[in-house]
Amino acid sequence: MPDGQAPTSIPVPRHLHSVRYEIRGPLAARALEMERQGAEVIKLNIGNPAAFGFRTPESMRLAIAEHLGEAEGYVHQKGILPAREAVVAETQSRGVRGVTVDDVVLGNGVSELILMCLEALLEPGDEVLVPSPDYPLWTAAVALTGARAVHYPCRSANGFCPDPQELERLITPRTKALVLINPNNPTGAVYPAAIVEALVRLVETRGLVLFSDEIYDRILYDCAQHTSVAALCHDTLCATFGGLSKVYRACGYRVGWVSFSGRKSHAKEYLQAVDLLASLRLCSNVPGQWAVQTALRGHQTIYDLTAPTGRLGRQRAAALEGIARSKYLDVVAPTGAIYGFVRANRELLPGFDDETFAMALLEEQKVLVVPGSGFNVDYKDHFRITLLPDEGTMREVFTRIEALLDTWSTA
Ligand code: PLP
């Protein structure tokens with residue numbers, strides 16, 4: 001350091017000021033510190049099935065092992081052909097027309113593709129309609145471009161589904177795109193076909209790009225039916241995101257894909273920009289790409305897990321039982337994905353604050369949840385759990401939550 005100059009800290013650039021990701025935020029850091037000091041923390045903050053003993057199907061592991069020798073070099077920026085062909089075949093089987101291997105891009109998880117697809121579209125001042133609550137990467141990715149996430153409420157009274165009329169009122173001349181997360185993280189809502197159809201009509205008439213995050217598309221309970229937008233959307237560009245992390249329990253392989261459908265003829269420059277961004281990072285993790293064709297064909301083992309007698313089905317039931325037994329909690333039962341967005345009753349718990357609660361639950365009961373406000377909502381009485389721990393642990397979680405809330409209650 002030159003003489004006489006005071007040390008200065010490195011400032012965080014302005015476009016990062018509003019970016020948050022509470023799932024791995026200060027509470028998660030505190031949990032790690034507690035673990036290092038010997039505490040056993042039940043961590044319900046991250047949707048990482050492997051951490052709870054869920055295994056990736058063996059056929060996928062074998063496919064990677066078989067092709068490791070071919071996975072040493074860079075590949076095409078959009079991904080290896082067999083993987084893209086498998087995504088095209090899967091898209092066709094859902095009734096989507098006109099998707100070719102050129103319209104599919106593989107990424108290091110859906111996360112990387114979300115960042116790329118928004119960066120290729122947005123300018124400072126643009127607006128994107130993002131659900132509230134949302135998976136917070138979407139809001140963060142919009143903010144990173146200098147554009148603005150305009151949150152459309154998905155209210156619990158409406159099963160956490162969007163209201164197309166209310167959403168339409170938020171469209172301005174600056175609105176470029178609509179983000180759907182269906183099945184939803186954090187609420188577990190699976191949108192009825194009529195709502196999806198109304199939203200597709202809306203984006204088509206208003207000329208918005210449709211980003212549909214369908215990473216949980218096969219994680220469904222109680223006979224819920226998932227409606228994929230791509231088969232319905234013809235008059236505007238539709239980008240559908242899927243991946244290996246959740247349905248195939250392979251978060252660590254870092255494999256996701258986006259397939260572009262609908263009105264591609266009007267989006268040539270945008271698609272070239274996505275291709276450019278894909279080229280800049282050369283290609284995504286190659287060994288993982290070799291698992292895609294094996295994953296997408298044949299028996300889908302996720303359905304064994306989500307059945308009422310399957311592991312996820314039973315754990316979800318244990319969580320719902322714990323909430324039903326609680327004096328303080330309620331939830332809109334999730335019909336998809338791997339989370340519950342739980343509400344605390346403020347009449348019985350005056351002054352309940354999601355962040356204070358999550359901190360106390362961690363410090364006093366060694367359970368880590370994510371406060372609802374980490375999902376871009378303007379209320380403070382929710383928190384998110386994952387449905388991943390085994391039934392015994394799930395019961396223990398609700399015993400501990402109840403013990404804490406008993407000390408908070410005025411009743
Ligand atoms: N989209 C949603 C809704 C998610 O919940 C997640 C991860 O939790 C992702 C995208 C990112 O997944 P990945 O990058 O592992 O594919």
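In this predicted model, helix α1 (residues 26-36) packs against helix α13 (residues 354-365), the two axes lying 11 Å apart at an angle of about 5°. Because angles under 35 degrees count as roughly parallel, α1 is described as roughly parallel to α13. On the α1 side the contact is made by Leu27, Arg30 and Ala31, and on the α13 side by Ala358, Met359 and Leu362. By class, five residues of this contact are nonpolar, none is polar and one is charged.

Domain 1 is assigned to two segments, 14-55 and 303-408, while domain 2 covers 58-296. Between the C-alpha centres of domain 1 and domain 2 the distance is 26 Å. Across the boundary, 31 residues of domain 1 are in contact with 32 residues of domain 2. Two elements each give two or more residues to the side of domain 1 that touches domain 2, namely α12 (311-325) and β11 (339-344). Of these, β11 gives the most, with four residues. The side of domain 1 that touches domain 2 comprises 13 nonpolar, 12 polar and six charged residues.

The crossing of α4 and α8 is right-handed. Met116, Cys117 and Glu119 of α4 meet Val274, Leu277 and Ala278 of α8 in this contact. The residues of the contact of α4 with α8 comprise five nonpolar, no polar and one charged.

The shell has 13 residues, of which Gly109, Val110, Ser111, Tyr135 and Ser245 come nearest to the ligand. By class, the residues of this shell are five nonpolar, seven polar and one charged.

The peptide bond from Ser132 to Pro133 is cis, its omega being near 5°. Pro133 is placed in the loop between β3 (127-132) and α5 (137-144). Another cis peptide bond runs from Asn182 to Pro183, with omega near -5°. In this case the proline, Pro183, is found in the loop that connects β6 (175-181) and α7 (193-206). A further feature concerns phi: Arg254 has a positive value of about 55°, although it is not a glycine. Arg254 belongs to the loop between β8 (237-243) and β9 (256-262).

Key. Residues are numbered from 1 along each chain as its sequence is written. This is a predicted model: local features need pLDDT of at least 70, side-chain atom pairs count only at pLDDT 80 or more; totals for chains, interfaces and linings use all residues. A residue is near a molecule or strand if its C-beta atom, placed from the backbone, lies within 6 Å of it. Ala, Val, Leu, Ile, Met, Phe, Trp, Tyr, Cys and Pro count as nonpolar, Asp, Glu, Lys and Arg as charged, and the others, Gly among them, as polar. A crossing is left-handed if the near helix is turned anticlockwise from the far one by less than a right angle, and right-handed if clockwise. Two residues are in contact if their C-beta atoms, placed from the backbone, lie within 7 Å. Domain bounds come from an automatic or database domain assignment. Axes are lines fitted to C-alpha atoms, for helices over the stretch in contact, and angles run from 0 to 180 degrees between N-to-C directions. Angles under 35 degrees count as roughly parallel, over 145 as roughly antiparallel, 65 to 115 as roughly perpendicular and the rest as oblique.
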